[in-house]
Amino acid sequence: LEKGDEIVHSNFIYPNMNQAWMQREMREGIVRKIAQLLLPTKDNEAIIKAYTDQFTSKTKVVHITHLINWTGQIMPVAEIATAAKKIGAKVIVDGAHSFAHFDFKIPDLNCDYFATSLHKWLGAPFGTGMLWMKKELIADHWALFPGPDPKSNDIKKFENLGTRDVPKEVAIHEAIKFHERIGIERKAARLQYLKEYWVNQVKDLPKVTIQCPVEKEFSRAIATISIEGYSPNEIYRHLWNEENIHTTSIKHEGIFACRVSPNVYTSTEDLDKLVRAIKKLV
């Protein structure tokens, strides 16, 4: 990217990604254009338009968060990517919360790059991740921590780390085996069931708002809840201090809520406890 080149991302980009682009903006003079998403929504066309409205002849990169960490909403990645390709832009997909969470194939997203952390839904150790890149693009990219052949077309050039944490790498293999024993279809169905199990018991309560569509085409395991009269921190503190239930306080772009993220090890008994705690607050 050169000075004046534009990259497009949304106002719901993950903070570390946002900070990376901000540094390049300050350091190199690239221009960030922000697609203003109004979430929650079931209007995928409005989401796509928020991106395409920011496209110009200078747009070189479109950065799409596959599943929004703030709310749990799934983005129409392939459709946005198709529009980006029409203007010659490269597409980066941040799949930190989608990979090993529900069933999809990376090439079907029509992206040029896909990256994910592996500690979230795969259950590998902290500090592990995966980069996928189109083969023909590898040679033209520099690794920030270079190996002996910076112009190599082998993606392993990005794995040059110096002293390696071998136990973590071995543990990734075990996490993959466990994931495959369950199977992504069964896992995704279970996560969807768990989300609906607690959401359907509280969504119609007075003062309660679920800040994400429940249907599986729009969200999976993650859902966020707001309760009128309580700040996100107050909900979080009550659930943690009184009930030993861990959630995440969310305050971002008009979303003031707590994120609930059941995983495969979460039981319906755990969620019954959550539902009782929410009803107590209401």
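Visitor: Which helix holds Gln 192?
Guide: The model is predicted, so local features need pLDDT of at least 70 and side-chain atom pairs count only at pLDDT 80 or more, while totals for chains, interfaces and linings use all residues. Residues are numbered from 1 along each chain as its sequence is written, and side-chain values use heavy atoms, with hydrogens and water left out. Helices are DSSP runs of H or I with at least four residues, strands are runs of E with at least two, and both are numbered from the N terminus. On that basis, the place of Gln 192 is in helix α5.

Visitor: Is Gln 192 buried or exposed?
Guide: Buried means under 20% relative accessible area, exposed means over 50%, and partly exposed lies in between, with a 1.4 Å probe and protein chains only. Gln 192 has 7% relative accessibility, so this residue counts as buried.

Visitor: Leaving aside neighbours within four places in sequence, which residues is Gln 192 in contact with?
Guide: Contact means heavy atoms within 4.5 Å. With neighbours within four places in sequence left aside, the partners of Gln 192 are Val 214, Glu 215, Lys 216, Ser 219 and Arg 220.

Visitor: How are α4 and α5 oriented to each other?
Guide: Axes are lines fitted to C-alpha atoms, for helices over the stretch in contact, and angles run from 0 to 180 degrees between N-to-C directions. The axes of α4 and α5 come within 6 Å and cross at roughly 80°. Angles under 35 degrees count as roughly parallel, over 145 as roughly antiparallel, 65 to 115 as roughly perpendicular and the rest as oblique. The two helices, α4 and α5, are therefore roughly perpendicular.

Visitor: How many charged residues does the contact of α4 with α5 have?
Guide: His 179, Arg 181 and Ile 182 in α4 meet Ile 184, Arg 186 and Lys 187 in α5. Ala, Val, Leu, Ile, Met, Phe, Trp, Tyr, Cys and Pro count as nonpolar, Asp, Glu, Lys and Arg as charged, and the others, Gly among them, as polar. For α4 with α5 the classes are two nonpolar, one polar and, for charged residues, three.

Visitor: What is the handedness of the crossing in which α6 passes α7?
Guide: The axes of α6 (residues 232-243) and α7 (residues 268-281) come within 11 Å and cross at roughly 125°. That makes α6 oblique to α7. A crossing is left-handed if the near helix is turned anticlockwise from the far one by less than a right angle, and right-handed if clockwise. The crossing of α6 and α7 is right-handed.

Visitor: What is the orientation of α2 to α3?
Guide: The axes of α2 and α3 come within 10 Å and cross at roughly 30°. That makes the orientation of α2 to α3 roughly parallel.

Visitor: Where does Pro 40 lie?
Guide: The peptide bond from Leu 39 to Pro 40 is cis, with omega near 5°. Most peptide bonds are trans. Pro 40 lies in the loop between β2 (31-35) and α2.

Visitor: Is Asn 244 buried or exposed?
Guide: Asn 244 is found in the loop between α6 and β9 (248-252). Phi of Asn 244 is near 60°, a positive value in a residue other than glycine. At 61% relative accessibility, Asn 244 counts as exposed.
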